[in-house]
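The entries below record what I looked up.

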Amino acid sequence: MSAAENERYERMRERMTGGSSLNDDIEEIIITPEALAARVREIASEISADYAGKEILLVGVLKGAVMFMTDLARQITVPVELDFMATSSYGNSTNSSGVVRIIKDLDEPIEGKDVLVVEDIVDSGLTLRYLVGLLKKRNPASLNVCTLLDKGLTGAQGVETAYRGFLIPNRFVVGYGLDYAQKYRNLPYIGVLKPAVYSREG
């Protein structure tokens, strides 16, 4: 960010907190609210063009994708349905446990539907690969993936994303739905969490 942007976000932190806050745990803001909003509009425009004449079932992966999916759905111009799945592979750790659990499944069948899985971030690709494999067995008309963030580490996992918001460094990020130990989801930007935060809690 520019010096002016840094100064503006420092003022925002002060307004939000009056002192100690979630913002104080952020080492660096890497994607601003303005950049997020602009990219969501661009992705929604691409999706609307690609699915012209169709209806999309957006499948949000809880809880991290909620804010992204909500903003995305409001910008898409073709009809959409919404459903959600919840998986777990992190817990309160910054590293994937390697075990994927389905905590909440879809409410409705997806057979014959055009399904777009909406993720907050693709990290190792383990969770997404498992989820896509599971949904393909349910015979959707089409199945694609849209992710807000991608660390570019998914080659070995065979994960393909049709829509990607931002390619980011391999750092632990929070905000705009992404959490650490269920905190920081409400930050309006994507920021890097200070290592001291998870070091002291781990």
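**Salt bridges**

I began with aspartate 71, which at 23% relative accessibility counts as partly exposed, where buried means under 20% relative accessible area, exposed over 50% and partly exposed in between, with a 1.4 Å probe and protein chains only. I note here that this is a predicted model, in which local features need pLDDT of at least 70 and side-chain atom pairs count only at pLDDT 80 or more, while totals for chains, interfaces and linings use all residues. Residues are numbered from 1 along each chain as its sequence is written, and side-chain values use heavy atoms, with hydrogens and water left out.

I then looked up the partner of aspartate 71: arginine 74 forms a salt bridge with it, the closest N and O atoms being 2.5 Å apart, a salt bridge being a side-chain nitrogen of Lys or Arg within 4 Å of a carboxyl oxygen of Asp or Glu. Both residues lie in helix 3, three residues apart, about one turn of the helix; helices (H or I, at least four residues) and strands (E, at least two) are DSSP runs, numbered from the N terminus. Arginine 74 itself counts as exposed, at 63% relative accessibility.

I found aspartate 150 buried, with a relative accessible area of 4%, whereas arginine 164 is partly exposed at 38%.

**Aromatic rings**

Which residues do ring pairs link into a cluster? They are Phe172, Tyr180 and Tyr198, where rings of Phe, Tyr and Trp (its six-membered ring) pair if their centres lie within 6.5 Å, and planes under 30 degrees apart count as stacked, over 60 as edge-to-face and the rest as tilted. My search of the whole structure found three aromatic pairs. For phenylalanine 172 and tyrosine 180 the centres are 5.8 Å apart and the planes at 90°, so the pair is edge-to-face. Phenylalanine 172 and tyrosine 198 also have centres 5.8 Å apart, with planes at 70°, so this pair is edge-to-face.

**Nonpolar core**

The largest nonpolar core has 30 residues, of which Ile47, Phe68, Leu72, Leu149 and Ile190 touch the most other members; such a core is a set of buried Ala, Val, Leu, Ile, Met, Phe, Trp, Tyr and Cys residues joined through side-chain atoms within 4.5 Å. Helix 2 gives the most to this core, with five residues.

Last, I looked up an open sheet of three strands, which has the order 1-9-8 with antiparallel pairing, two strands being paired if DSSP finds at least two bridges between them. Strand 1 (26–31) and strand 8 (173–174) stand at the edges, each with a single partner strand, so one side of each is left without a neighbour in the sheet. Four bridges join strand 1 to strand 9 (residues 190–193), and isoleucine 31 stands opposite isoleucine 190 in strand 9.
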